[in-house]
Amino acid sequence: MFQQLMKQVQELTIDTEERLKGVINLVFEKAIDEPNFSVAYANMCRCLTMLKVPMADKPGAWVNFRKLLLNRCQKEFEKDKAEDIFNEKRQKEIDASSNEEKSRLQAELKETKDMARRRSIGNIKFIGELFKLKMLTEAIMHDCVVKLLKNHDQESLECLCRLLTTIGKDLDFEKAKPRMDQYFNQMEKIVKERKTSSRIRFMLQDVIDLRQKNWVARRVEQGPKTIEQIHKDAQIEEQQQQLKVHQQLLSKQEKRRPAAVRPSEEAWNVVPVGKSSRTIDPSKFPKITKPATDDKIQLGPGSGLGSWVKGSSGGVKTIESDAPRASVNRFSVLQQAASPAVESEPRRTLPSRSSIGREKNDKPAQPVISRGSSSKELLDDREEERPKVLEIVQQSTSTCEEKNIEVDKSSPMELVKPDLPPSGDSPKSAFSEDEMEKKSKSIIDEFLHITDYKEAVQCVEELNSLSLLHVFVRVGVESTLERSQITREHMGQLFYQLVQSGKLPKEEFFKGFLELLELAEDMAIDIPHIWLYLGELVTPMLQESGISMRELFTEFSKPLLPVERAGVLLSEVLHLLCKQMSHKKVGALWKETELNWKDFLPEGEDVQNFISEKKLEFTVSDASSPTEALSKQELSAEELNKWLEKLIIEDKASNEQIFDWVEANLDESQIGSSTFLRALMTTVCRSAITGEGPPSRVDANIIQQRLRLLLKYLNSDTERELQALYALQALIVKLDQPPNLLRMFFDTLYDEDVISEDAFYKWESSKDPAEQNGKGVALKSVTAFFTWLREAEEESEDN
């Protein structure tokens, strides 16, 4: 096929430079747009290498296909830098555009970048295939590798991985080994620095591993297939599918008839009797009565499904017994307990088949199994008939049971209740540990994806297996231990809500951590910050209505005392608590437990040195913070702004330091006052503004850093949140209403759950005369925000 296509191309009239460039552009564009076919296009280029035409601007000079093709590849390879400059310019234009236009322009820019990335990767793949066909030199390839390695952007590194995967084996020979060693040393350094995305690091590591395995890939890369190959593969797949179906049918047949013996021409199959089967006394068969039935009944599916309901007698009338009829339920005798005499009798064999029954019928019976029937046909017939037969038998049985016929009390035979399975065989309300682990993983994965606490708690409740909830805790810890901080905090918060609501017993919570705590010392080799990570999972449990600090620390220290790491974990938990409240308050909580550091440290270790090393002085002294404390006096709004600006903007103090300052210098009434709340909100928002004038933007990362600070003092109180919005409005007015700045703040504060919907609506409808300065302009700038908020609320209600 390829030769036929090449013959058609070579027959084309390509006699001018313009036509030759046109052919090269067509081939090149197809090659980079369809990298899976780059091998075919490279082979095509090799066939056209010697094609040359006269140059248009230089009479007498000639230009060949190879030179123009290489120029085209080089131009595409060097185009990335120009595109980066253009994209930066576009980004600035997008930032200055309006909100309505911004989303459209941003989508267009993203599409442009994605297209450029695909073209770069396709070009690199094509260049590599050309080199393998000796159309490019090693020097050109080394230049490409060096240029890509110098640029540490993700696109360049991805192209580097594609190029080395394609040509690495051809470049890595003895003479070039020193240069290749330099390349791979640099790649290993990039992987270890972890400054790029995980996807790129994994790609680089895959190339490093590929070289270590002498460029032998684990999986052969599947290229495009011809029509003949596709048909051949489809035929093989169809044969395999047929073989698989046949094997499944045979396995099903063997399961149904595990000890089946090949039947003779006129004989019944011998059906094996299990250990639990009861011996049946044939003398009792006459006592089984049944309604009158049609004499003309055939045995087997050939005579219709109704014949199965009428028993195996083939429709022949039974001889009536003189014994009184106890029940018309044909199954009642079989349910009676066998007497010892009956059980001691030897098992009776069934008589061989005869033609008597068939001769008594008007129509010859159609045999169920014919000698010429295949096992597959037989199995298909049985599978078709089985559901219908079972349905009819069930209907017949239920009808007989509903008749409520009395049993003759004088009869020595008593109707025995059917044997019930032992309690161990009954369906278990709880799962096995493996099943519980699978279900727990499913619940946790979904929770971490959508972070819906209410739904997660409901899913755990529906497990209905309190005794195995330690498996859920263990899976939750293992799933989040090496992930992000926010993920661990969410998992810890879920544990807290489960314990608070009574869905997770404390014993199961401790048991779930036990196994991991016993291995934590060994895991610390691979996870150096494991004690901090465990603290982030545990700290939320110390909230109100959770687990007391004394109980939590006592239980968690039990598996850690033998490995001398109990004090380390406890110190991490206390420091995490200090991020949510002041050192003084955490110290007071520690003292309430009446615990002593000596009980959690190895024997002989100096307690004071440990406290000093871990900075735990607040647990043994009244000092709340190294920050100088002022005497508690009423501070004016101006003084509050001054102190908070110094702490937050100038000193960039941590949240713990700010907690300590507030605790030391303000009393409870001042902390809840609108003066303090406005000063705090103003300072935090001012610190989050980047740039001045029209390009001003909100740095969401700063808001996230101060999230604990805002949440602690706003305390989910609508009135406090309203004061915070008034302060933000005043700040925007003071800055001369920068465009879109208030909307950015509203989006960030809403996304981070700092301000509730009720507070936003209350601010929107507020007519307070003292807060009307700039209110009209502010409302107009956030009209789109409130429109979106209402639409989202309506959509949520509809759902």
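Buried means under 20% relative accessible area and exposed over 50%, with partly exposed in between (1.4 Å probe, protein chains only). This is a predicted model, in which local features need pLDDT of at least 70, side-chain atom pairs count only at pLDDT 80 or more, and totals for chains, interfaces and linings use all residues. Residues are numbered from 1 along each chain as its sequence is written, and side-chain values use heavy atoms, with hydrogens and water left out.

**View 1. The whole chain.** The protein has 36 helices and four strands. Helices (H or I, at least four residues) and strands (E, at least two) are DSSP runs, numbered from the N terminus. Of its 799 residues, 35% count as buried. Among contacts (heavy atoms within 4.5 Å) with a separation of 6 or more, 73% join residues 24 or more positions apart.

View 2. H17 spans residues 453-463, and its buried residues are Tyr-453, Ala-456, Val-457, Val-460 and Leu-463. They lie on the same side of H17, because they cover an arc of only 110 degrees around the axis. The arc is that of the directions from the helix axis to the C-beta atoms. Lys-454 and Glu-462 are exposed on the face turned away from the buried side. The buried residues pack against helix H16 (433-450), helix H18 (469-480) and H19.

View 3. A cavity is a set of points on a 1 Å grid over the protein atoms alone where a 1.4 Å probe fits but cannot get out; a pocket is an open set with protein on both sides within 12 Å along at least five of seven lines; lining residues have an atom within 4 Å of a point. Grid points are joined across faces, edges and corners, and a volume is the space filled by probe spheres set on the points. The structure holds five cavities of 30 Å³ or more. The largest cavity has about 50 Å³ of space. Its lining includes Ile-443, Phe-447, Ala-456 and Cys-459. H16 gives the largest share, four residues.

**View 4. The second largest pocket.** This pocket holds about 1800 Å³ of space. Of its 40 lining residues, the closest to the centre are Glu-489, Gln-493, Gln-580, Arg-708 and Leu-711. H19 gives the most to the lining, with six residues. Domain 2 (433-582) and domain 3 (637-798) both contribute to the lining, so the pocket lies between them. Domain bounds come from an automatic or database domain assignment.
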